Amino acid sequence: MKLNAEILNEQNSRFIETHKPEYHFLAQSLEKKGVQVNDVIKKLQELQVAIPSWALGAGGTRFGRFSYQGEPASLENKISDVGIIHALTNTAGAISLHIPWDIPKDYNAIKELAASLDIKFDAVNSNTFQDQPSMNKSYRFGSLCNTDSSVREIAIQHNLEVIDTGKKLGSNSLTVWLADGSNFPGQQNFQEALQNTKESLKHIYKSMPDDWKLFIEYKPYEPNFYSTVIQDWGTSLMLAEGCGQRAYTLVDLGHHLPNTNIEQIVATLMMKGKLGGFHFNDSKYGDDDLTVGSVKPYALFLIWNELVYGMENNPNNPSPAWMIDASHNIKDPLEDLLQSLEAIQIAYAQALLVDQKGLQEAQKQQDATLCQEILQDAYRTDVRPLLREARLCSSAAIEPIASYRSLNIRNQLIKERGLHTVASGL
């Protein structure tokens, strides 16, 4: 299904009378503080967050998966679902594919479908954490780090095939996340595993087109629970620097031990010009892959404050590739993604309201109280009218979830696809 301007205008007519006075009141209040509201609206309109193909179906745990009805059973279905989200929000203008789950059968048809929905292809993702049916070897004891050079070669060739798929679609970046690690002390030689990974990544990097970027993701644990080869941002940065100028660290909010100061990591990487990508989610205990902003909204705001500062003050750092990386175990996946996009934009808008000059002066004066007041003044501002205005100006939905439900989109997807379809790759 496809949402057009007429449908969205009809939906917006239900909310416009309430929205306009709320927006004008907030805009006038902010302008009195010196905020250029039109600039904030423009930046909100420009922010585009990629939707990963695997997030469009129901997620699960190692104990089980509870399928959600009307799931996208093909790549075409997945792109159509992203088109729905983008039409409602004007913030999801890209899809990130995972290979081999999402290899197109007809590249031209897939590109035409995406273009018709104003969807671009973001970073392509390789998969060396699962054995594939065609393999005569196994990743059981690692892929790019494996002591068996023939296994490493299989993993390298897979990444090159992923690059080839991305080139045909118009992508220009590759994300590598490795499950490589160990479960027991002594199982793995740490130095050898890291050296093998480094050499493998350098091979992949050298095989990329000259205009491509390599994003190296990290994670402290899972699926291995004693060690992970690329366990933290420092290891990722070291590997990226070892590959070359177009290799970067990718930060995933969930890939940190509890209470890690992620905003400081972001600041350091941007200062070094090495923050390439950013995956949004939320967590309570570990890598829970929860809806963005559902548990730690203030932490998300503090991270965005550093991102905004870095984008203004670190021209050596490219514009990061934004993506949601979450698992939807009990919610409608599309509603969950709509909530995540809203949370991302709220935190971004709040960060844009921070009085950066005042904050820097308070920092120079070592006035910790005033620093906190400046940050929390921005954080406590209800910026939702700004988001609604940005969507309205972009011909999207003023209230995306309300419109999604009013239009009975999930029921329409069930009618089109059936009750028991399962998203590929899950």
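1. Basis. The model is predicted, so local features need pLDDT of at least 70 and side-chain atom pairs count only at pLDDT 80 or more, while totals for chains, interfaces and linings use all residues. Residues are numbered from 1 along each chain as its sequence is written, and side-chain values use heavy atoms, with hydrogens and water left out.

2. Helices (DSSP runs of H or I, at least four residues) and strands (runs of E, at least two) are numbered from the N terminus. An α-helix has 3.6 residues a turn, so residues three or four places apart point the same way.

3. Surroundings of α9. Just after α9, G273 has a positive phi of about 70°.

4. Salt bridge K219 to D287. Over the whole structure, 18 salt bridges are found, each being a side-chain nitrogen of Lys or Arg within 4 Å of a carboxyl oxygen of Asp or Glu. One of them joins K219 and D287, at 2.9 Å from N to O. K219 is in the loop between β7 (213-217) and β8 (227-228), and D287 in the loop between β10 and α10, so this pair ties together parts 68 residues apart in sequence. Both K219 and D287 are buried.

5. Salt bridge E241 to K272. Here the N to O distance is 3.8 Å. E241 belongs to helix α8 and K272 to the loop between α9 and β10, so the pair links parts that are 31 residues apart in sequence. E241 is partly exposed, with a relative accessible area of 44%, and K272 is likewise partly exposed at 44%.

6. Salt bridge E342 to R391. The closest N and O atoms of this pair are 2.9 Å apart. Since E342 lies in helix α11 (residues 333-352) and R391 in helix α14 (residues 384-393), the bridge ties together parts 49 residues apart in sequence. R391 is buried, with 3% relative accessible area. Separately, E22, R388 and E399 are linked in a network of salt bridges.

7. A cavity is a set of points on a 1 Å grid over the protein atoms alone where a 1.4 Å probe fits but cannot get out, and lining residues have an atom within 4 Å of a point. Points are joined across faces, edges and corners, and the volume is the space filled by probe spheres set on them. There are two cavities of 30 Å³ or more. The largest has a volume of about 40 Å³; its lining includes S96, D122, F215, H279 and M323.

8. Second largest cavity. Its volume is about 30 Å³. Among the lining residues are L44, Q45, Q345, L387 and R391. Two or more lining residues come from each of α3 (37-46) and α14, and α14 gives the largest share, three residues.

Key
Buried < 20%, exposed > 50% of the residue type's maximum accessible area, 1.4 Å probe, protein only. 1 Å grid on protein atoms, 1.4 Å probe; cavity = no way out; pocket = protein on both sides within 12 Å on 5 of 7 lines; lining within 4 Å.
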